Amino acid sequence: MTGWLGSLRERAARITPGTLLVRGAAFVFAAGALLVAFPGEILLWPGAAVALVACGAAPALAPRTRLTTMVLFLAVGGWIVATTTYAEPVTWARLATLACLLYLVHTTAALAAVVPYDTVVAPAVLVRWLARTAVVLALTVGFAVASVVGVRVVSGQAYLVAAVAGVLLVAALAGLLTLSRRS
Amino acid sequence: MADGSLGGAGDEDGWVPTRAFGRAILVVGVLVLLAALTGRYDLVVLAAPFALGTALSLRRRPAALPAPELSTMDARIVEGDDFAVRVSVANPDPVALDLVLVRLWLPRWVRVRDADHPYAAPVAAGSVAEIDLSGTALRWGRHDVGPLSLHGVACDGLLVSLRVECEPLPIKAYPATDPFRADEAMPRAAGLVGQHHSRKPGEGGELAGVREFSPGDRLRRIDWRVTLRTRRVHVVSTLSDRDAEVVLLLDVLHEAGESGGTGGAASVLDTTVRAAAGIAEHYLHRGDRVAMLEYGFRARRLRPATGRRQYLTVLEWLLDAKPAGGADQPSTGAFGAHLLSANALVIVLTPLLDQRSAAMVAGLARSGRFVVAVDTLPPSLRPPTDGAWGPLADRVWRMSRENVIGLLREHGVPVVGWAGAGSLDHVLRDVTRLASAPKVGRR
């Protein structure tokens with residue numbers, strides 16, 4: 001026990017500010033995504049919010065494991081429950097926030113996974129990473145707004161919008177992946 | 001360090017997908033499938049950043065691996081000195097890398113500030129990223145800084161390169177010379193030129209006195225003042241200047257004591273090497289010829305020479321000094337008095353831990369060499385004395401060693417502990433006196 005504690009203390013002493021920032025961000029984004037996704041009534045249950053925040057620590061503590069994927073799907077599940085079982089409305093702001101937070105969890109966990117906890121990280125690494133992420137987030141917000149507005153325009157034919165948008169998205173991704181393989 | 005590959009795809013060029021890549025594809029696939037099945041457009045919106053981010057990241061992917069290199073401007077330093085190490089990582093690819101993760105492995109006696117941490121730095125396309133580190137060599141010797149291992153990360157953490165290694169960087173840390181000075185004359189010179197004022201009259205610079213002129217004296221030696229005063233021709237007599245050969249014999253049969261590097265405790269080998277460097281520097285600075293010899297399995301030898309070049313050669317030679325191992329000893333042909341000049345002053349640096357060392361020193365003295373033994377055993381060294389018989393065994397061992405030292409003194413070998421400057425003056429005086437005394441030789 002003492003050896004384990006000593007090892008933990010030693011590892012904690014080796015943590016660098018850069019990696020602490022990345023993992024802290026992963027925790028904040030994951031906790032935020034879960035809190036945004038789950039319905040308000042569930043959050044009012046005693047201990048539910050604390051449990052969700054605790055789940056948000058998983059991508060920060062173990063970014064190289066499948067826990068990050070599980071947290072992402074947990075948030076998506078919470079969103080589905082909130083919008084179906086609890087009939088909460090799908091607003092563009094909440095939808096865009098959740099989409100951005102989920103992507104932030106994914107990308108900060110990806111960075112935390114390739115940078116060991118005791119790495120001295122040059123500030124330029126974080127700045128460049130943030131700049132690239134900002135582009136994706138801006139596109140996401142635009143896409144969310146366009147989708148919500150688009151559904152209203154086609155007067156409730158969400159099925160059609162989802163199918164068309166999904167097929168276009170998958171086709172675009174597949175095409176880019178193929179191109180990148182050839183290059 | 002990588003967060004796991006997804007099964008070998010794409011590793012033919014040294015880049016493999018990470019778990020984040022698989023996660024992005026999985027999230028997009030599941031959410032779009034659910035959206036298509038249930039008709040929920042919001043799930044497509046949730047999948048959108050993953051698809052967009054992955055597509056943007058993989059727009060351009062690197063094909064070449066980053067190339068690391070270690071360099072320094074201070075490949076030759078003195079132990080305890082600081083030196084700079086530059087880690088250069090070249091990215092020959094037209095695609096920029098998010099970061100390169102660099103980890104440097106260090107030998108025991110080298111400290112580099114923050115080098116026990118990996119470093120992450122970005123590398124632009126077709127450029128070189130440089131990380132400057134400063135370190136200290138804590139002990140003399142040849143140290144290999146490195147190897148350096150490196151991983152490149154590209155496409156927003158979706159691709160990571162296989163490990164790239166860089167050859168270690170050799171650093172030579174010369175021993176810090178212990179201060180040494182010896183004012184005494186050499187016991188016997190090898191030539192009629194040199195720096196030492198001999199005890200014999202001759203052509204030199206040191207004034208020995210004024211005496212009456214005798215046939216053979218040079219006219220320029222006439223002291224006219226004394227000649228005018230005494231009305232008889234007098235000349236100034238001088239002592240001859242001689243050079244000498246010094247052989248430093250390093251006993252490396254055994255290592256004892258724990259080395260603490262510069263500023264710490266000195267082991268036997270530390271004392272031996274630093275003392276040898278100090279003595280060699282002193283005599284070479286005075287113009288003498290210095291030779292080096294190792295008493296161990298390898299029986300390495302450095303031929304006598306003079307000057308600064310020889311001093312640098314001696315330092316280089318000392319870098320390779322290492323304990324020979326207890327059971328090994330040089331063969332008779334590889335080591336012996338025949339390797340030493342008859343007039344050389346032999347300074348043996350020995351911890352006298354082995355009977356073979358004592359026998360070797362006594363053998364050199366018997367062969368007519370002028371031998372001085374310098375005891376390099378650290379005074380603070382205490383053998384392990386655990387157990388009831390430990391202290392007694394320690395006392396017996398010390399008495400036995402004192403007995404060996406006494407026997408050597410009976411053979412005419414002065415034994416003196418190493419104490420830096422002036423530590424050999426007393427014994428050199430004795431050796432010089434012995435050398436000038438008439439000898440009774442066996443016929």
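**Reading an aromatic pair and a chain interface**

Mentor: Over all chains, this predicted model holds 1 aromatic pair. Residues are numbered from 1 along each chain as its sequence is written, and chains are lettered from A in the order in which they are written. Local features need pLDDT of at least 70, side-chain atom pairs count only at pLDDT 80 or more, and totals for chains, interfaces and linings use all residues, while side-chain values use heavy atoms, without hydrogens and water.

Trainee: Which residues form the aromatic pair?

Mentor: A pair of aromatic rings is described by the distance of the centres and the angle of the planes. Rings of Phe, Tyr and Trp (its six-membered ring) pair if their centres lie within 6.5 Å; planes under 30 degrees apart are stacked, over 60 edge-to-face, and the rest tilted. Here A:Tyr103 and B:Phe50 are edge-to-face, at 6.0 Å centre to centre and 80° between the planes. The pair crosses between chains, from helix α7 (residues 92-114) of chain A to helix α2 (residues 41-57) of chain B; helices are DSSP runs of H or I with at least four residues, strands are runs of E with at least two, and both are numbered from the N terminus.

Trainee: Is A:Tyr103 buried or exposed?

Mentor: Buried means under 20% relative accessible area, exposed over 50%, and partly exposed in between (1.4 Å probe, protein chains only). A:Tyr103 is buried because its relative accessible area is 4%, and B:Phe50 is buried at 1%.

Trainee: How much area do chain A and chain B bury between them?

Mentor: The size of an interface is often given as the accessible area lost when the parts come together. That area is taken with a 1.4 Å probe and summed over both parts. Chain A and chain B bury about 5,100 Å², 72% of it on carbon and sulfur atoms. The contact (heavy atoms within 4.5 Å) takes 62 residues from chain A and 60 residues from chain B.

Trainee: How many salt bridges are counted between chain A and chain B?

Mentor: A salt bridge needs a side-chain nitrogen of Lys or Arg within 4 Å of a carboxyl oxygen of Asp or Glu. The count between the two chains is 3. One salt bridge joins A:Arg132 and B:Asp98, whose closest N and O atoms are 3.1 Å apart. On the side of chain A that touches chain B, α8(A) gives the most, with 14 residues.

Trainee: Which residues does A:Thr68 touch?

Mentor: A:Thr68 lies in helix α6 (residues 67-84) of chain A and counts as buried, at 0% relative accessibility. Leaving aside residues up to four places away in sequence, A:Thr68 touches A:Pro59, A:Ala62, A:Pro63, A:Val105, A:Ala109 and B:Arg23.

Definitions and conventions: Buried area is the accessible area (1.4 Å probe) that two parts lose on being put together, summed over both.
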